[in-house]
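The following exercises are meant for a reader who meets this structure for the first time. Each task is followed by a worked solution.

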Amino acid sequence: MKKLFQSEWISRLIDASLPVFAAMAALLIGAVMLFLLKVNPVEAYKALWDGAFGSSNAFAETLVKATPLLLVGIGICISFRGDVINIGGEGQMIIGAILATWVGLNFTGLPGWLVITISMLAGFLGGAIWGGIPGVLKAYFSVNEILSTVMMNAIAVQMMNFFLRGPMIDPSQAELASKIPQTARLLEIFRLPRLAPTRLHLGALIAVILAILVYILLWRTTLGYRIRAVGQNPHASRYAGIKVQRYVVLALLLSGAFAGLAGATQVFGVNYRMITDGSSSGFTGSAGFNGIVAALFGQLHPILTIPASILFGALLVGANSMQRVVQVPSALVTALNGLVVVFVVSSEFWRRRRQRRRLAAAKQNDESPPQPEPEKLQQLETGA
Amino acid sequence: MISELFTVTVLIGILASGIRLATPYLYASIGEMFGQRSGVLNLGVEGQMLLGAFAAFYVALTTGNLWLGILAAMIVGALMGLMMAFVTVNLHAQQGISGIGFYLFGLGMSDLLFQKLMGTVETVKGFPPIKVPLLSNIPGIGEIFFSQNLLVYGAYLLVPAAWFVLNKTTLGLKIRSVGENPDAADSLGVSVARVRYFTIILGGTLSGVAGASLSIALLNVFQQNMTSGLGFIAVALVYFGGWRPWGVLGGALLFSMVNSLQLWIQVLGIPIPSEIAVMMPYVLTILVLVITVSRVRAPSALTKPFERED
Amino acid sequence: MKKFAWLLTLVVALSMILTACGGAAPATEAPAVATEAPVEATEAPAATEPPAAPAETFRVAVIMPSAINDLAFSQSMYDALVRIQEEMGGPDAFEFVYSEGMFNVDDAAAAIRDYASQGYNLVIAHGSQYGSSLQEIAPDFPETSFAWGTTAETFGLPNIFAYEAASQEGGYVNGVLAATLSTSGVVGVVGPIEVGDAKLYVDGFKAGALATNPDVQVNVNYIGSFSDVALASEAATTHISAGADVLTGSAQMVVGAIGKAEEANALWFGTQSNQSSLAPTIVVASQVYHWEVALREIISLINTGTLGGQSFKADLANGGEVVEFNADYALSDEAKALADSTIQGIIDGTITITLP
């Protein structure tokens, strides 16, 4: 038995499933809360499961929810690896979406694939601008990125409200007295194609491909190496001749760009227009924040962020469905999400400890040590 | 119309309401500052504020005693801080993300309790304004500085107190050393864990009071998500202030004054889109930092869990 | 240290559970009126399998952007559904379920689709931001009737009803009274963002005030948020410092502003729900939406086989919008008469409201 657990493969499996156990522990506390609300926890969690995985449509909804989480998440992988904390995902999504929507509404004469491509690039660009500004501010003006990204989220919301009730308002709404703050609908040919007879759209596929590309970028290119080097030790990097400031800007800019793309895919894949309820989460569904959580669940690794986003998306979608089926207040759902986040992030502790023990055991046995990934270990402890 | 901005009424109005608006930021930011000085970033301030605001409001509503309300807010904030401390100090959890978790927990939990215990928006008689004898009679200044409620005064007294603790006491020295060089502090016999527990719980307590200052002193009402992003601004202001109490005070006042200025701009009918007005405090806060280019360095150990080298 | 860690885990877990306990226990002792109805509503879907309920149960699902107890937009719909339930004879005849806090448009779309596939007779999307999703979903469920508001747009689809409130009408009445009651000649308005229902109300209010007294100064402040209670209340204080002695405001974040008005002894006019309970001494009147007027018609249309294609307007004439006076506020007879004649004038068309 002991030998079995020492086997590398099983150990890794246990490591990988630790967050799942942690999430379950959080849901156990949630069960107590549900019980106190006079809701049958079994019924509630069955609704959660069914809502997320119960049918092909449910699973598609989960993937739709996971798409922006993944896109924001892979951006977060870049920035946190570069030791910059980007909590401006919300604003970057909004600006990306505004720019992409503007393209989609104004180039109606062009073929669909072209407009979609340009729009996605516009989204990328919009996010890059909104992420790049805090990058420049941090690198050249010593303005902390937490401060600037928080402030720029608020600014982006006001810009969205202004554009959607002003210059970009749906012409049919502009005439009415009750001006609904939304843009016109995108032409049908400009919408991201659907992958199945559900709401699942091409954006999900794009996100997965980009996750792989970001992995390659971070671990197989000089650019990625330098971003990580700067993140780990800026002083040593400077000695090594890396222009630290440039890579700080790049890390935030790229991170913002992926969030901007997330915003663009929400418009072109899900809503087909931009609508505001006055807040950022009305448009983003808080994906700009939740993407951070997804990335950290994925240990800041773009590939691992894929399953992490799906799991977190499932939790969000399933929780909404739980609200519908057993009529628990949405507030409980929010609190439960918070507990899951806290528990999962805490479970890292045991994973790291197991890793350390394995390392020690390997040293003792004087074998060749299993890949300890010291870099990842250290990153996790210094990442944010 | 622009000239209307420069009348005495308007200037007094801007200053007085700026001072009020800054109150919750001061409590929350000073608390967060202590945490960060010891090396812990807490992004969950908003959640702590919301739970504090609810606890204070509910206790004040049911017992009729505002002091019990404050006490409840402090206890709830401290409990949230305790959990945060355990997770980040003992379990070495990623600080930013556990903060987001606690934010969501506080956001949901305060709303859930509000729905189950109260069910509808109610009002409570909060701390009344206290006119400081003599001083409040000074024209202009009296209205601005000496006719506020108790928790407003408390927030401004907190600033020098925090400065004193941080710079003139052994405790402050320990906090700073733990945040700058935990290894060295540890080798000198300072318990890194204990100091961080202290600062995080203190931060939670103060965030709870920040919530209470809204629900039973400034607004006298509780509503779901009533802080509406205020807690995140409070975290940002710590960076603005360069981890120093007076800097935090400057940031909180700047942000709040500009916010009250933009309210006046709209009230006076100066024709700019309301969104542009609402943006002003955010834009200006960044701009001021860009112009002043402060070179204050963050505490070296910020966000880094401490683990003794065995 | 390790033991200590485990001990703390336990303490943390316990304290979390305790917080939860503290939350729920008193609720069982004193179930508020507001919570009773959803409890009934929850039991119904759970009992769908045994065919105990009569086949004629009319089943409604509603999606709302904020909480059912926001004393504003969402609550106005929730209250209306509770009234309909009472009228129709309880949950056996009329059952409703809701999803609140659906401020995110995607989440709302998922909820709409889910409810529709569960065979509800009527799915209400209570927010103008949901229209786009409805336009996508409704054609997939031709047997289900959908309603959304506030708008007049049915997209030409045969299974979508639309409803809207002429909030400028109640706003106008409030404005007339505000201009009459103001002694300083300055009136303040606190709004969320400059769109939709809030904008209609504010524009109507302004028109009413200026029609009554062209010299009255109406200061409008949009704070850029539906949730920032602190900024809304500071906006009210700013109005008061600028000389306003009568205030009004729209959306759920004004609850703090009402308190500021009370402190300064300024008068308050409410909208969306009856806000008298927040400050009984200073709330003069509230414009209240009675969506049940439109809902009644929608339900009877559905029962006769028409699933949509029509739009309804809640206004003063059909009782979908009512100006409710606060009994605790002593409104002078002349002012009351003026308000009544204004309401009558709007109803019979002698008063027309021109919006900017």
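**Exercise 1.** How many residues of domain 1 of chain C are in contact with how many residues of domain 2 of chain C?

*Solution.* The model is predicted, with local features needing pLDDT of at least 70 and side-chain atom pairs counting only at pLDDT 80 or more, while totals for chains, interfaces and linings use all residues. Residues are numbered from 1 along each chain as its sequence is written, and chains are lettered from A and ligands numbered from 1 in the order in which they are written.

Step 1. Locate the domains: in chain C, domain 1 covers 57-166 + 291-314 and domain 2 covers 167-288 + 321-348, bounds that come from an automatic or database domain assignment.

Step 2. Count the contacts, two residues being in contact if their C-beta atoms, placed from the backbone, lie within 7 Å. On this basis 12 residues of domain 1 of chain C meet 12 residues of domain 2 of chain C.

Step 3. Examine the domain 1 side: helix α3 (residues 73-88) of chain C gives the most, with 3 residues. Helices (H or I, at least four residues) and strands (E, at least two) are DSSP runs, numbered from the N terminus. This side of domain 1 of chain C divides into 6 nonpolar, 5 polar and 1 charged, where Ala, Val, Leu, Ile, Met, Phe, Trp, Tyr, Cys and Pro count as nonpolar, Asp, Glu, Lys and Arg as charged, and the others, Gly among them, as polar.

**Exercise 2.** Describe the open sheet of 6 strands in chain C and the helices that pack on it.

*Solution.* Step 1. Read the order, β7-β6-β8-β9-β10-β12 of chain C, with mixed pairing; two strands pair if DSSP finds at least two bridges between them. At the edges stand β7 (217-222) and β12 (321-325) of chain C, each pairing on one side only.

Step 1. Take one pair in detail: β9 (residues 267-272) and β10 (residues 283-289) of chain C run parallel and are joined by 5 bridges. Within β10(C), C:A285 is the bridge partner of C:F269.

Step 2. Helix α6 (residues 167-181) of chain C touches β6 (186-191), β8 (246-249), β9, β10 and β12 of chain C, and its direction makes about 175° with that of β10(C). Helix α7 (residues 196-212) of chain C touches β6, β7, β8 and β9 of chain C, at about 175° to the direction of β6(C). Axes are lines fitted to C-alpha atoms, for helices over the stretch in contact, and angles run from 0 to 180 degrees between N-to-C directions.

**Exercise 3.** Which element of chain A supplies the largest share of the side that touches chain B?

*Solution.* Step 1. The contact joins 39 residues of chain A to 43 residues of chain B.

Step 1. The elements of chain A that each supply at least two residues are α6 (112-141), α7 (145-165), α14 (287-297), α16 (330-364) and α17 (374-382).

Step 2. The largest share, 14 residues, comes from α16(A). By type, this side of chain A has 26 nonpolar, 11 polar and 2 charged residues.

**Exercise 4.** Characterise the fold of chain B.

*Solution.* Step 1. Chain B has 12 helices and 0 strands.

Step 1. The C-alpha trace of chain B spans about 70 × 50 × 40 Å along its principal axes.

Step 2. Of the 310 residues of chain B, 63% count as buried, that is, with 20 or more other C-beta atoms, placed from the backbone, within 10 Å of their own.

Notes: A residue is buried if 20 or more other C-beta atoms lie within 10 Å of its own, exposed if 12 or fewer, and partly exposed in between; C-beta atoms are placed from the backbone.
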